[in-house]
Amino acid sequence: MGYNSRVSESALKSANKLRRRELFVQHKKNKDKDRREERLRRRKEEDRNPELKAARLSKNVTKTLDQKRVWDDVDDDSLGAVVDVEKLKRRRMEEAEAEEQAALDAANGDDDDDDDNDSMLESDEEGEDDEKKQAALERQREKRAKRDNSVAPSTTSTNLDLTPTSLALKFPTLFTDIPPPTPKILITTSLNSTLHHEAELLCGLFPNSNYIRRSGHRFGHKYSLREICKFCTNADYTAVVLLKEDLKKPTGLSIVHLPSGPTFHFSISNWIEGKKLPGHGNPTNHYPELLLNNFKTPLGLLTAKIFQTMFPPQPEFQGRQVITLHNQRDYIFVRRHRYVFRNKRATEKSIIGTDGKELKGVEDIRAGLQELGPRFTLKLRRVDKGIGRAGSEGPDAAQWEWKSKMEKDRKRFNL
């Protein structure tokens, strides 16, 4: 063509359009050729020295938004604080141990003053008893929070024993040491709703639940949510689920914990019923297992707790059904599957543990999944302390509410 095969960057700015096109094509070919030669050269070096490949792969790890997640650097475990509860509790325990060690060191240096302080111990016996009880409860909670080592540990499972004390005091009906009763749930819809089929699907999702139509015809009384909850409390219901619609599609879900709240308002997206899923199965009436994944903040633990109270604590393993609520970037993905253990196929690889080695004891076992449905996604919009959507003042004040400014930073999440 009469010009050098190596095209410079300045030559690409030629005034002639056809010339500029030819130069750009030649520039792309040269660039791809250089990249290919570099890749082959690097492969030869890594074949001779495998440590170079391991070092390159360790540097080229893709970072997702979840890995770049930012936290509030505060010593606060209130409902609006975006802190990792597990790390916060670990840091507080380390600080408490450091203070205790400092107090012991100071006490060893002040042995002469102990005789004068002995006379004051008798007057503080009652206060010490309360402190001992509180310390015993704290030790019991810390003991429950420590989990045993698992063969295949999960990095996303939620530990509700790490719930802050402030949440337990604010919502005593949710966080209590008394074993909760068997869930009994009433499912209804908004007035004049057409989502009867979707509400019956929710009855299959939540055990021990029944659906009552909330008609609004002229011969029927339009009961409010507070009146429905009052009736359900007298009938020993533990929760009320209100399904909302727009354009004959589910768009919202309100969950009221009885007898006195709190109330959670969710928005629904991507609703797909089970029969529209490819290769779906038919659910049974067995109590399912519940998996709560990736709830780390105080608000996330509160949200996970409300879902835990809606499922019986004793799952029926013969049904082999599991319901997963996976939180990722403040979206809660709800899935229901049936699992089965089968033999490993010849084309399948072995299970690798967190240390990069094959797990022993499960070399020839695999788990198969079959989705049952329904499949949908929830996003938390508001938390009220009482029943229903109350105002910003009074006993039913809003404890937390989603606002558009919360998503200004893409690396900051609330759950």
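Visitor: What joins the side chains of Arg 56 and Glu 46?

Guide: In this predicted model, a polar contact of 2.6 Å joins the two side chains. As a general idea, side chains of opposite charge can pair when their charged atoms come close. Arg 56 belongs to helix 2, which covers residues 50–59. The C-alpha atoms of Arg 56 and Glu 46 are 9.7 Å apart, and the two residues are separated by 10 residues along the chain.

Visitor: Which residues does Arg 56 contact, leaving aside its neighbours within four places in sequence?

Guide: Arg 56 is then in contact with Arg 42 and Glu 46.

Visitor: Is Arg 56 buried, exposed or partly exposed?

Guide: Exposed would require over 50% relative accessible area, and buried under 20%. Arg 56 has 26% relative accessibility, so it counts as partly exposed.

Visitor: How many salt bridges does a search of the whole structure find?

Guide: The search finds 17 salt bridges. One of them pairs Glu 407 with Lys 379, with 3.2 Å between the closest N and O atoms. Glu 407 lies in the segment after strand 11 and Lys 379 in strand 10, so this pair ties together parts that are 28 residues apart in sequence. Lys 379 is buried, at 3% relative accessible area, whereas Glu 407 is partly exposed, at 42%.

Visitor: Where in the chain do Arg 382 and Glu 401 lie?

Guide: Arg 382 and Glu 401 form a salt bridge, their closest N and O atoms being 3.2 Å apart. This pair links distant parts of the chain, with Arg 382 in strand 10 and Glu 401 in strand 11, 19 residues apart. Arg 382 counts as buried at 6% relative accessibility, while Glu 401 is partly exposed at 31%.

Visitor: Which residues do salt bridges that share partners join into one network?

Guide: The network consists of Arg 342, Arg 345, Glu 348 and Arg 366. Within this group, Glu 348 and Arg 342 meet in a salt bridge of 2.9 Å, N to O.

Visitor: Which residues of helix 8 are buried?

Guide: In helix 8, residues 225–234, the buried residues are Leu 225, Ile 228, Cys 229 and Cys 232. Seen down the helix axis, they fall within an arc of 95°, so they line one face of helix 8. They pack against strand 1, strand 3 and strand 4. On the other side of helix 8, Lys 230 and Asn 234 are exposed.

Definitions and conventions:
Residues are numbered from 1 along each chain as its sequence is written. This is a predicted model: local features need pLDDT of at least 70, side-chain atom pairs count only at pLDDT 80 or more; totals for chains, interfaces and linings use all residues. Side-chain values use heavy atoms; hydrogens and water are left out. Helices (H or I, at least four residues) and strands (E, at least two) are DSSP runs, numbered from the N terminus. Buried means under 20% relative accessible area, exposed over 50%, partly exposed in between (1.4 Å probe, protein chains only). Contact means heavy atoms within 4.5 Å. A polar contact is a pair of N or O atoms within 3.5 Å; within protein, one must be able to donate a hydrogen and the other to accept it, and residues adjacent in sequence count only if both atoms are side-chain atoms. The arc is that of the directions from the helix axis to the C-beta atoms. A salt bridge is a side-chain nitrogen of Lys or Arg within 4 Å of a carboxyl oxygen of Asp or Glu.
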